[in-house]
Amino acid sequence: MKPADNKATLSFSNGGPSVELPVYSGSVGPDVIDIRKLYAQTGMFTYDPGFMSTASCQSTITYIDGDKGELLYRGYPIEQLATQCDYLETCYLLLYGELPTPDQKAKFVQTVTMHTMVNEQMQFFLRGFRRDAHPMAVMTGLVGALSAFYHDSTDINNPEHREIAAIRLIAKMPTLVSMAYKYSAGQPYMYPKNSLSYTSNFMRMMFATPCEDYEPNDVLVRAMDRIFILHADHEQNASTSTVRLCGSSGTNPFAAIAAGVACLWGPAHGGANEAALNMLEDIQKMGGVAKIGEFVTKVKDKNSSVKLMGFGHRVYKNYDPRAKLMRETCHEVLAELGLQNDPLFKLAMALEKVALEDEYFVSRKLYPNVDFYSGIVQRAIGIPVSLFTAIFALARTVGWIAQLNEMISDPEYKIGRPRQLFTGSERREVKPIAQR
């Protein structure tokens with residue numbers, strides 16, 4: 001870490017001695033005050049629920065400037081990566097720090113392709129779930145179970161094991177997601193096809209059957225590949241922090257990623273696009289476009305439980321850069337499929353217009369986020385709403401494993417152990433049961 005030109009001084013109004021704290025500068029973004037010795041110096045902790053002002057690590061992977069609406073993977077703007085690279089190039093970048101040369105890309109693609117199959121016993125594991133189980137419940141189990149099948153890559157402290165686990169996770173996630181879908185649909189599983197690209201292969205495993213093959217549509221494949229790129233990493237979000245915290249205990253990579261899958265399931269995180277589409281369907285049932293005004297009124301009412309899903313973001317105080325790209329993709333996909341007049345899409349565009357023009361939403365910077373558009377795109381492609389978050393997990397896996405590898409390689413890393421402000425009972429004595 002690079003020391004800043006200044007230091008921070010913490011003083012106390014009760015006359016206690018002041019404490020000098022080091023300040024460090026990143027390559028971009030805010031400086032950080034180093035409070036690692038705060039407890040030793042003062043006997044106090046800091047209090048920061050939700051880690052609103054706390055940097056839990058140093059990282060070189062992803063940078064977000066929420067005020068500017070900027071997202072960089074290893075320094076590259078997401079807008080350029082999403083339009084000039086494919087998902088596996090982005091994976092290589094996140095894992096190794098640089099975009100691949102043609103030879104490096106060819107080797108990486110070949111390596112990933114050769115690991116897309118999963119152990120045959122995995123299908124028997126699937127049979128233990130109910131057919132109507134949520135795909136994220138299934139995925140949490142399947143990803144964690146990988147450690148039971150691949151014993152040669154479970155030592156998180158072994159760089160070679162982490163490398164093998166990274167490739168296996170990236171390669172097998174599309175297979176596992178498609179298996180979870182096929183199981184719920186009562187259809188036979190489709191094996192990977194090595195002649196297809198990563199994303200084409202995923203879509204074929206999703207939509208082909210033994211009696212009818214699936215011919216990948218370039219527009220739809222490009223759209224899905226863009227969804228993967230836009231969701232590949234997003235700095236220290238809830239699921240990434242969960243992966244880091246879980247991995248800090250020394251658990252195996254598959255267990256750490258399974259923890260990330262479980263965290264992603266929440267509607268405030270990875271389940272946001274599912275929640276956004278469910279919201280649109282609820283408005284449609286109310287009466288569609290004609291009822292938008294009534295719906296918006298309920299959203300503004302503080303006493304109402306109605307929420308506007310798919311708008312606003314905790315990090316971005318400007319337009320989500322991923323949303324701009326996903327909006328373009330949304331129009332491309334709907335045009336390709338002839339769904340421009342789809343009632344739900346018309347409703348979405350009408351709601352978008354209201355939110356972008358209404359002072360209530362504009363003043364609160366509640367712009368449409370990536371989840372608002374990605375749900376519409378996936379629905380148009382034919383992906384069931386319940387599978388949206390599983391596809392998010394597929395895309396985010398490379399970010400999780402890159403962050404995990406970075407943490408383990410950091411000589412300063414320690415097992416995660418947050419502190420607390422205790423407000424419960426002070427010490428008291430247990431009375432015999434007859435006296436209670």
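Tutor: Leaving aside its neighbours within four places in sequence, Asp358 is in contact with Val296 and Lys300, where contact means heavy atoms within 4.5 Å. This is a predicted model, in which local features need pLDDT of at least 70 and side-chain atom pairs count only at pLDDT 80 or more, while totals for chains, interfaces and linings use all residues. Residues are numbered from 1 along each chain as its sequence is written, and side-chain values use heavy atoms, with hydrogens and water left out.

Asp358 lies in the loop between helix H15 (343-357) and helix H16 (359-363); helices here are DSSP runs of H or I with at least four residues, strands are E runs of at least two, and both are numbered from the N terminus. With a relative accessible area of 18%, Asp358 counts as buried, because buried means under 20%, exposed over 50% and partly exposed in between, for a 1.4 Å probe and protein chains only. The side chains of Asp358 and Lys300 are joined by a polar contact of 2.8 Å, that is, a pair of N or O atoms within 3.5 Å, of which, within protein, one must be able to donate a hydrogen and the other to accept it, residues adjacent in sequence counting only if both atoms are side-chain atoms.

Beyond its neighbours within four places in sequence, Arg131 contacts Tyr183, Ser184 and Gly186, and its side chain reaches the backbone oxygen of Tyr183 at 2.7 Å. The C-alpha atoms of Arg131 and Lys182, which are 51 residues apart along the chain, are separated by 9.7 Å.

Turning to helix packing, H12 (residues 272-286) and H17 (residues 370-381) pack at an angle of about 75°, with their axes 8 Å apart; axes are lines fitted to C-alpha atoms, for helices over the stretch in contact, and angles run from 0 to 180 degrees between N-to-C directions. H12 is therefore roughly perpendicular to H17, since 65 to 115 degrees counts as roughly perpendicular, under 35 as roughly parallel, over 145 as roughly antiparallel and the rest as oblique. Among the residues that meet there are Leu277 and Leu280 in H12, and Phe372 and Ile376 in H17.
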